[in-house]
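The following exercises are to be worked through with the sequence and the three-dimensional structure at hand. Each task is followed by a solution in steps.

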Amino acid sequence: MQTQFTAQLAIKFTAKWQKADKDDRADAIREVVEIFDKYADRVGLRGTYVVQGFQAHTDILFWMFADHFNDIQDLQLEIRRSSLGRYITTPHAFTGITKPFEFSEHPTSFAIGMRPREYLCFYPFIRKPEYYLLPKWERKALIGDHGDIGHEFTPDILTNGVYGFGLGDYEWLLTFETNDLSRLVDCVRKLRESKSRLYMQDEHPFIVGRYFPLEDGLAQYA
Amino acid sequence: MLIENLGRARKALLDSLDGLTDEQLNARPPDGGPSIAQLAHHLQASERATAALVLDALQSRSERVEEQDPSLLAAGLQQSCGHDQPASGTFSKAELIRLLEESRFRDLQALFNETHERVLAERSLEHPPFGRISLKNLLDTIWIHDDLHGKQIAAIKQSLRTTA
């Protein structure tokens with residue numbers, strides 16, 4: 001599997017955004033669209049997700065992927081320097097990398113050609129240190145049990161798991177995609193019965209959002 | 001590059017269906033060949049069958065064989081596709097996309113959740129058009145197949161535009 005970098009960038013509009021002139025807001029959005037267009041051959045945008053109603057800490061989550069991290073960082077810096085950058089904070093930023101998992105390839109849904117779904121549910125997590133000290137066969141059994149539960153929900157719930165070790169505070173970054181929030185709730189609830197949960201140390205923040213094409217997503221707040 | 005090729009080719013295939021009506025999808029081209037819908041249906045059925053073959057072959061021991069060139073795989077595929085009867089009936093775009101997504105995520109992704117790409121390169125099976133072929137190469141035929149019929153779909157779209 002070819003490794004790729006992924007980025008989940010959460011932005012929140014400041015109070016100044018609503019006070020800005022309507023035309024200025026439209027120009028700022030257009031500028032961001034142009035930035036993404038400029039990087040289109042290097043940075044893929046899986047989706048722009050409107051978080052309104054799910055979590056108050058974030059307005060929009062961008063989900064990007066690229067062969068080279070620098071392209072993702074350069075793009076994000078251009079957004080920060082753009083007109084929109086004056087009106088946003090970035091409550092969360094996560095970088096991950098696609099790699100084969102320990103017991104199987106487990107490619108991301110976006111890598112194998114699945115189209116984005118209407119909703120995203122993203123969360124980073126850390127396992128307890130004891131997990132990594134378990135014998136390999138036991139880890140394999142735990143992951144197998146977890147996978148079997150998850151398999152019940154395919155293809156309604158797409159999975160995208162990437163490594164975060166050393167790139168931030170978290171070890172794993174997981175993104176579910178679905179057209180059916182009810183199935184998402186059932187899936188996450190059912191996964192609570194997996195024994196691997198005994199080794200979960202921390203999993204927050206959850207960020208849930210609704211898919212929009214870039215310009216439409218930003219325009220929801222204009 | 002297996003996964004990247006699978007993703008790239010499938011994305012191109014799905015993109016090629018965008019903007020087509022159900023009527024256009026099911027229209028037979030002037031040469032009497034299969035419709036776009038029949039080709040898309042054939043691709044998902046073939047992907048499903050290939051994933052099942054590979055999953056089955058993983059259960060038994062087999063030898064490592066040399067990787068084959070994609071152009072040879074394409075030639076073998078073209079030969080075997082000629083013997084397949086197109087599915088009868090018509091299909092809506094929503095149904096085709098659902099089938100293509102199911103074969104990709106339920107069948108192929110499930111396979112990759114069982115094993116690693118390197119293991120697929122170390123195992124093989126006997127397959128009529130290709131002889132003894134590595135499991136990795138057999139999965140390569142899925143994206144090569146998407147590419148092959150993708151070209152055919154592009155030609156049909158062109159003919160539909162000409163006759164419209």
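**Exercise 1.** Determine how many residues line the largest pocket of this predicted model and which of them lie nearest its centre.

*Solution.* Step 1: the lining of the largest pocket consists of 45 residues. Step 2: nearest the centre lie A:S104, A:H106, A:I143, A:G147 and B:N113. Step 3: the elements giving two or more residues to this lining are β5 (119-127), α4 (129-133), α5 (136-151), β6 (157-163), β7 (172-178) and α6 (181-191) of chain A, together with α5 and α6 of chain B. Step 4: α5(A) supplies the largest share, nine residues. Step 5: by residue class, the lining of the largest pocket divides into 22 nonpolar, 15 polar and eight charged residues. Step 6: the space in the largest pocket is about 1,100 Å³.

**Exercise 2.** Identify the element that gives the most to the lining of the second largest pocket.

*Solution.* Step 1: the second largest pocket holds about 860 Å³ of space. Step 2: it is lined by 38 residues, and A:Q4, A:G44, A:F65, A:F110 and B:K11 are the closest to its centre. Step 3: two or more lining residues come from each of β2 (43-50), β3 and β9 (207-212) of chain A, and from α1 of chain B. Step 4: α1(B) gives the most, with seven residues. Step 5: this lining comprises 17 nonpolar, eleven polar and ten charged residues.

**Exercise 3.** State which strands pair with β1(A), and in which sense.

*Solution.* Step 1: strand β1 of chain A spans residues 5-13, and seven of its nine residues are buried. Step 2: β1(A) pairs with β3(A), residues 60-66, in the antiparallel sense over seven bridges; here A:L9 has A:F62 as its bridge partner. Step 3: β1(A) also pairs with β4(A), residues 88-97, in the antiparallel sense over eight bridges; in this pairing A:K12 stands opposite A:T89.

**Exercise 4.** Find which residues of the largest nonpolar core touch the most other members.

*Solution.* Step 1: the core has 30 residues, and B:L108, B:F112, B:L120 and B:L139 touch the most other members. Step 2: at least two core residues come from each of several helices of chain B, including α1 (2-17), α3 (36-57) and α5 (93-112). Step 3: α7(B) gives the most, seven residues. Step 4: apart from this core lies another, of 29 residues, among them A:I11, A:I35, A:I72 and A:L214.

Technical notes. Residues are numbered from 1 along each chain as its sequence is written. Chains are lettered from A and ligands numbered from 1 in the order in which they are written. This is a predicted model: local features need pLDDT of at least 70, side-chain atom pairs count only at pLDDT 80 or more; totals for chains, interfaces and linings use all residues. Side-chain values use heavy atoms; hydrogens and water are left out. Buried means under 20% relative accessible area, exposed over 50%, partly exposed in between (1.4 Å probe, protein chains only). Helices (H or I, at least four residues) and strands (E, at least two) are DSSP runs, numbered from the N terminus. Two strands pair if DSSP finds at least two bridges between them. A nonpolar core is a set of buried Ala, Val, Leu, Ile, Met, Phe, Trp, Tyr and Cys residues joined through side-chain atoms within 4.5 Å. On a 1 Å grid over the protein atoms alone, a cavity is a set of points where a 1.4 Å probe fits but cannot get out, and a pocket is an open set with protein on both sides within 12 Å along at least five of seven lines; lining residues have an atom within 4 Å of a point. Grid points are joined across faces, edges and corners, and a volume is the space filled by probe spheres set on the points. Ala, Val, Leu, Ile, Met, Phe, Trp, Tyr, Cys and Pro count as nonpolar, Asp, Glu, Lys and Arg as charged, and the others, Gly among them, as polar.
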